[in-house]
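Here are my notes on the structure you passed along. Have a look at it first, then read on.

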Amino acid sequence: MKITAARVIVTCPGRNFVTLKIETDEGLTGLGDATLNGRELAVASYLTDHVIPCLIGRDPHQVEDIWQYLYRGAYWRRGPVTMSAIAAVDTALWDIKAKAAGLPLYQLLGGRSREGVMVYGHANGRDLAETTDQVGKYLEMGYKAVRAQTGIPGMKTAYGIGRGTLFYEPATKGLPEEQIWSTEKYLDFVPKLFEELRKVYGFGPHLLHDAHHRLTPIEAGRLGKALEPYRLFWLEDCTPAENQEAFKLVRQHTVTPLAVGEIFNSIHDCRELIQNQLIDYIRTTVVHAGGITQLRRIADLAALYQIKTGSHGATDNSPVCMGAALHFDIWVPNFGIQEYMRHTPETDAVFPHAYTFSDGYLHPGEAPGHGVEIDEALAAKYPYDPAYLPVCRLEDGTMWNW
Ligand code: GCO
Ligand code: MG
C-alpha cells in the first residue's frame with residue numbers, strides 16, 4: 001500500500017478543529033486530530049508545508065518508521081506544534097492499518113482489557129449551590145466520576161466555569177480575554193465545595209478537581225492536605241510542571257492523588273515525575289503527545305511505577321482524538337480514567353463516530369479503524385474562526401498562569 005495524498009481540513013463547527021486526512025492507493029483513508037487550541041494554523045502549516053510532502057509514496061503500514069522519521073528527521077525535537085503534527089500522522093496511520101486489517105484499532109494494540117472506559121464529566125457553577133446541582137445532574141446521567149469547579153466569592157472569574165451545559169469552552173473570539181486570579185480566595189473556598197459535595201452525595205462518586213497550574217508547590221501541598229478528608233480521585237495540574245522536581249514538595253505534604261500532563265508533548269516531559277513516583281495519573285493525550293505510538297510508551301513507563309493513565313479529553317481534542325483515545329483506553333493495562341467533555345451536536349455531525357456513552361462509560365465501538373470519520377461537505381460550511389484561550393493576571397495586574 002502507498003500513501004497517495006494527504007490534506008489538512010480546518011473546520012469550526014462551534015470551535016476550531018484541525019484534521020489530517022491521509023489517502024492511499026488502495027482506497028483506504030485515515031484521520032488524525034491535529035488541533036492545538038488557539039494555535040491551530042501553526043500545526044496546519046507544519047503539516048501542509050513540511051510533513052505531507054515527506055509522506056507521499058510511503059507505505060502507511062510503517063507506522064513506527066514514519067514516526068521516527070518525523071521525530072528524528074526534523075532535527076528540531078518535541079514541542080506542541082511538532083508533536084501534534086506527528087500525532088495526527090500517527091493516528092491516521094493506525095486508523096489505516098486497522099481498517100486494512102478489518103479490525104477495531106484496540107485489537108491491534110493487544111485487545112480489550114476491560115468492558116468500558118470510565119469517564120469523568122465537567123460540573124461547574126457560578127457558586128456552591130449551582131456547582132452542587134450540576135454534579136447531581138452528571139450523577140443522574142450515570143457518571144461514576146465528576147470534576148467539580150466553582151466560582152469563588154470575591155473573584156469575577158475562576159477557571160472552569162462554563163458557557164454552556166455539558167461542556168466548557170474556554171477559547172473566545174477576538175484577542176485573549178483577561179481573567180483575574182486570587183490564590184488566597186481560591187484556597188479558602190475550594191475545600192468548602194468538596195465538603196458540601198461529600199455531604200450531599202456521600203463518598204460513592206469519584207470527585208476530581210483541576211487547579212489549572214495556578215498554585216506554587218507549597219500552596220499545592222496546602223490544598224492537597226485540606227482536601228484529604230474528601231478523598232478526591234485526583235487533584236490536577238496543582239502547579240506548573242516544567243520543573244518536575246517541584247512535585248517533591250507537593251508530595252511531602254499530601255496524600256491526595258495527583259494528575260499532570262495535559263500540556264506535555266513527549267515522554268521526556270513526564271519521565272522524572274513518573275520515575276520518582278511524584279504523580280498518580282498521567283494525562284498525556286493522543287493529539288498532543290505524539291499519537292498512539294508515543295502514548296503507549298509513556299503508559300508502559302508509568303506502569304512500572306503503578307501510575308495510571310487519565311488522558312485529557314476537553315472539547316478542543318476533536319472526536320477523532322477521542323475515538324483514538326478510547327481504543328487506547330480499552331486496551332491499556334494501567335488505565336485510570338478518561339476525561340470526557342461532550343462536543344456540541346454541530347461538532348458531532350461533522351465527525352460521525354462509532355463511540356457511545358452509557359452509564360458512566362464510553363465504548364469505542366467495533367468499526368474498523370478508530371471509528372471516526374469526517375463529513376467534509378459539512379465541515380466546509382464552518383470556516384476557521386480565530387479564537388484565543390484566556391490569559392490570567394493577579395489582582396495587582398501581574399501576569400499569571402491561566
Ligand atoms: C482540562 C483542561 C482544559 C484546558 C483546555 C485548554 O482539564 O480539561 O484543563 O479545560 O484548559 O483543554 O485548551
Ligand atoms: Mg486540566
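The points below go from the overall fold to the ligand site.

1. First, a reminder: this is a predicted model. Every distance and area quoted here is therefore computed from predicted coordinates.

2. On secondary structure, the chain carries 13 helices along with 18 strands. Its radius of gyration comes out at 20 Å, close to the 21 Å that the globule rule gives for 402 residues, so the chain is as compact as a globular protein of that length. Along the principal axes, the C-alpha atoms fill a box of roughly 60 × 45 × 45 Å.

3. Where does ligand 1 sit? You'll find ligand 1 in the largest pocket. There, 15 residues surround ligand 1, and the closest are Tyr159, His212, Glu262, Asp316 and Glu339.

4. What is that shell made of, by class? Around ligand 1 there are 7 charged residues, plus 4 polar and 4 nonpolar ones.

5. With Arg283, the distance from a side-chain N or O atom to a ligand 1 oxygen is 3.2 Å.

6. How much of ligand 1 does the protein cover? On its own, ligand 1 has 340 Å² of accessible area, and the protein covers 95% of that.

Methods:
Residues numbered from 1 in each chain as written. Chains lettered and ligands numbered in written order. Predicted model: local features only at pLDDT ≥ 70, side-chain atom pairs only at ≥ 80, totals over all residues. Heavy atoms only, no water. Near = heavy atom within 4 Å. Polar contact = N/O pair within 3.5 Å; in protein donor to acceptor, adjacent residues only side chain to side chain. Areas by Shrake-Rupley, 256 points an atom, 1.4 Å probe, with all protein chains shown as cover. 1 Å grid on protein atoms, 1.4 Å probe; cavity = no way out; pocket = protein on both sides within 12 Å on 5 of 7 lines; lining within 4 Å. Sits in = over half its atoms within 2 Å of the grid points. Nonpolar A, V, L, I, M, F, W, Y, C, P; charged D, E, K, R; others polar. Helix = DSSP H or I, 4+ residues; strand = E, 2+ residues; numbered from the N terminus. Rg over C-alpha atoms; globule rule 2.2 N^0.38 Å.
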